[in-house]
Amino acid sequence: MKRIIMCMCLLAAVFTLAACSGHEASTEQSIPKAEEHHEKKSVHPQIKKEPDTSAWVKTKGTARLPILMYHSISEGNSLRVPKEEFRQHMKWLHDHGYYTMTPEEAYLMLTEDREPREKCVLITFDDGYTDNVKEAYPILKKYKMKATIFMIGNFIGHRNHLTEKQMKEMAAHGISIQSHTMNHLELNGLTPEQQRREMADSKHLFDRMFGQRTSVLSYPVGRYNKETLKAAAASGYRMAVTTEPGAASRDQGLYGLHRVRVSPGMSGAAFGSYIQNVMN
Ligand SMILES: [Zn+2]
């Protein structure tokens, strides 16, 4: 464990160029070695240290986690949830004591059957629209909620999509940026090699951009096949999410996790019943 913590510290030093203690500084020369250890142990440096799970408790049976799926926070079609509705959804989660997870915490929960609180949720947004920072982020910040945005590598800074600067601002305040591939192509229509490139290139991009080990992939339009599952694992992701409906559990396979689609037209109370039904 000590070695893992040291690896974390070393990687944090590399990525953030933060001043570190004399002890860590003295081991800087061994950084490549530390990174090797890191690979072998599949430890995750995105959060500079592993989540503190010492107070977590066992779940009742295999862990089940609602992974909410939002896209745009605006109006106009079935994928867009209006800001006021989104605000009510977040307020409902807040008022009912839900714990919003990071992807790293979700991974630990799903693989170890332990949870920080009886009610947990992973909030996700696909595609990385600009309204995520303009409309959703202030609400998330107000309630001190964490969330994950699945960004498309080649869409960064494009019209209606987040810029690097916007993502970095959010990443500094509890919003995790994860991968929605490079080009948002339907993966089941690609060769295995093309699929692998879409996944690996976007992972490298986000790893570099955010000094993290990008760990979760969202399949564009929810399309995938057997090769997709293999390629996601081979590209170094720890989990992948689909658009199959329902709460996520590792019984689905860590590369085939289900999500709870949030559609427009739900008040806070309707949203609450929906989430509770999903978990029953
Ligand atoms: Zn998408």
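Val 221 sits in the loop between strand 8 (216-218) and helix 9 (226-234). Helices here are DSSP runs of H or I with at least four residues, strands are runs of E with at least two, and both are numbered from the N terminus. Before we go on, this is a predicted model, where local features need pLDDT of at least 70, side-chain atom pairs count only at pLDDT 80 or more, and totals for chains, interfaces and linings use all residues. Residues are numbered from 1 along each chain as its sequence is written.

Back to Val 221. Its phi is positive, about 55°, although Val 221 is not a glycine. Leu 187 is 34 residues away from Val 221 in sequence, yet their C-alpha atoms are 9.0 Å apart in space.

Now look at Thr 181, in the loop between strand 7 (175-179) and helix 8. Thr 181 also has a positive phi, near 70°, and is not a glycine. Thr 181 counts as buried because 26 C-beta neighbours lie inside 10 Å.

Next, the helices. Two packed helices are described by the angle between their axes and the distance between the axes. Helix 8 (residues 192-210) packs on helix 9 at about 40°, with the axes 9 Å apart. That makes helix 8 oblique to helix 9. (Under 35 degrees is roughly parallel, over 145 roughly antiparallel, 65 to 115 roughly perpendicular, and the rest oblique. Axes are lines fitted to C-alpha atoms, for helices over the stretch in contact, and angles run from 0 to 180 degrees between N-to-C directions.) Helix 8 contributes Pro 192, Gln 195, Arg 196 and Met 199 to the contact, while helix 9 contributes Glu 227, Thr 228, Ala 231, Ala 232 and Ala 234. Contact means C-beta atoms, placed from the backbone, within 7 Å.

Finally, Ala 240: leaving aside neighbours within four places in sequence, its contacts include Val 216, Ala 232 and Tyr 255.

Note on methods: Two residues are in contact if their C-beta atoms, placed from the backbone, lie within 7 Å. A residue is buried if 20 or more other C-beta atoms lie within 10 Å of its own, exposed if 12 or fewer, and partly exposed in between; C-beta atoms are placed from the backbone.
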